[in-house]
Amino acid sequence: MDTSQLRRHRPTALTILAVAALYYATARLGLLQQLVRGQVTPLWPPTGISVAALLLFGTRVWPGIAIGALAVNATIGPNVWSVLAIVAGNTLAPVCSYLLLHRAGFHNDLDRLQDAVSLVFLGALGPMLISATVGSGTLFLSGALSASGFWPTWSVWWTGDAMGVLVVTPFLLVVRWARWPPAVGPLVWAEAAALSACTLAVTYLATNAASSSLLFLVFPFLIWASFRFERAGAAPCALAISTLAILASGRMTGPFEHHNLLTNMVTLQAFNGTVSLTALVLTAVVTERNRTHEEIERLCAQLSTAVTNQSPGTRRVPPDT
């Protein structure tokens, strides 16, 4: 390979290494909340990073996902063959997510209602069945998991991967185009600070109260973030709410107390899925509405300019009656 070819492939190699490094670093953070065998967690951020990387850079970065997954699982897997099988499942699931989203015409800007629905069902809930089934099945066949522990482990695995896509991927897609607003008044900053503080306080209260009926209190703040700050506000709010809920489920406090692991994972999946779907759908609807309003204003301005510039001699005079 000559020098020109090396220069041409260098950006791809650096991107692959960056994806692998981010996968490994966020995996170590995710493992702090492990619930099964020191390797299964209800939030697996690397999956969200993997899907975002594939959406932004294409399938050429899949080796970075495999390298990161191998580095993480090499020290916690039961044996070599199990590690390789788990790595294959962890790589195949986000690649399938990308292929399904690409085929559905997904927009990385998340500016359409169909993009929100596609990310939930085609990006998260469906393809993550692959990694959960391969991973849990591998642990069972290797003898590291009992038959009674298969479904609880599968539920945690599926929840963790799906939540990684639902809360991390939208956040990364929003962050990539986010810019510091050029002219924002102090009232807007005060409103953003109030939204952040209220969201964190109410979510902490809802996820630590014994009654699960308080979880609904977070949705008014998601609506507030979606209508006032669109994607830039809804994505961080959804990430914060889901993270606090996952921390509570790991401690088995609040609405997750006095329930078994499978029940808690079903509750967590339903809650975080509803939070993500609400944020994604509302922001998509608001973005579409604002874009339509801007287009109408632009057309009205063009029509007004055309009427103003029309010469008097070309105007039609109504006949006398």
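From the N terminus onward, the elements of the chain follow the order α-α-α-α-α-α-α-α-α-α, and in this predicted model the chain accordingly has 10 helices and zero strands. The chain has 321 residues, of which 44% count as buried. Its accessible surface comes to about 16200 Å², and 68% of that surface belongs to carbon and sulfur atoms. Among the contacts in the chain with a separation of 6 or more, 74% are accounted for by residues 24 or more positions apart.

The UniProt record, an unreviewed entry, places the feature "transmembrane region" at residues 12–31, 51–74, 80–101, 113–134, 154–175, 210–227, 234–254 and 266–286. Two of these annotated spans may be set beside the model. Over residues 12–31 the span is 95% helix and 0% strand, with end C-alpha atoms that lie 28 Å apart. Residues 80–101, in turn, are 100% helix and 0% strand, and the end C-alpha atoms of that span are 32 Å apart.

The largest nonpolar core contains 72 residues, and the members that touch the most other members are Leu55, Val72, Phe106, Leu119, Leu222, Phe271 and Val275. One of these, Val72, is also listed among the buried residues of helix α3, together with Gly64, Ile65, Ala66, Gly68, Ala69 and Asn73. When residues up to four places away in sequence are not counted, Val72 touches Tyr23, Tyr24, Ala27, Arg28, Leu31 and Trp44. Helix α3 itself covers residues 62–73, and its 12 residues reach 17 Å from the first C-alpha to the last, which is close to the 16 Å expected at 1.5 Å a residue.

The buried residues of α6 are Met128, Ser131, Ala132, Gly135, Ser136, Gly137, Thr138 and Leu139. An α-helix has 3.6 residues a turn, so residues three or four places apart point the same way. The cover over the buried residues of α6 includes α2 (45–57), α4 (80–103), α5 (113–125) and α7 (150–175). After α6 comes Gly143, whose phi is positive, near 85 degrees.

Ser82 lies in helix α4, and because its relative accessibility is 4%, Ser82 counts as buried. With residues up to four places away in sequence left out, Ser82 touches Thr138 and Ser142, and Thr138 is itself one of the buried residues of α6.

Helix α7 contains Leu172, which counts as partly exposed at 30% relative accessibility. Apart from its neighbours within four places in sequence, Leu172 is in contact with Gly48, Ile49 and Ala52. The C-alpha atoms of Leu172 and Ala52 are separated by 6.8 Å, although the two residues are 120 residues apart along the chain. Ala270 belongs to helix α10, which covers residues 261–309, and with a relative accessible area of 44% Ala270 is partly exposed.

Glu191 is found in helix α8, covering residues 186–208. The relative accessible area of Glu191 is 18%, and this residue is therefore buried, since buried means under 20% relative accessible area. The side chain of Glu191 makes a polar contact, at 2.9 Å, with the side chain of Trp224. Not counting residues up to four places away in sequence, Glu191 touches Trp224, Arg228 and Phe229.

Glu230 is found in helix α9, which covers residues 219–251. With a relative accessible area of 24%, Glu230 is partly exposed. The backbone of Glu230 is also noted here, for this residue has a positive phi of about 55 degrees although it is not a glycine.

Key. Residues numbered from 1 in each chain as written. Predicted model: local features only at pLDDT ≥ 70, side-chain atom pairs only at ≥ 80, totals over all residues. Heavy atoms only, no water. UniProt positions renumbered as here; feature names shortened; annotations may be inferred. Helix = DSSP H or I, 4+ residues; strand = E, 2+ residues; numbered from the N terminus. Core = buried A, V, L, I, M, F, W, Y, C linked by side-chain atoms within 4.5 Å. Buried < 20%, exposed > 50% of the residue type's maximum accessible area, 1.4 Å probe, protein only. Contact = heavy atoms within 4.5 Å. Areas by Shrake-Rupley, 256 points an atom, 1.4 Å probe, with all protein chains shown as cover. Polar contact = N/O pair within 3.5 Å; in protein donor to acceptor, adjacent residues only side chain to side chain. Expected span 1.5 Å × (residues − 1).
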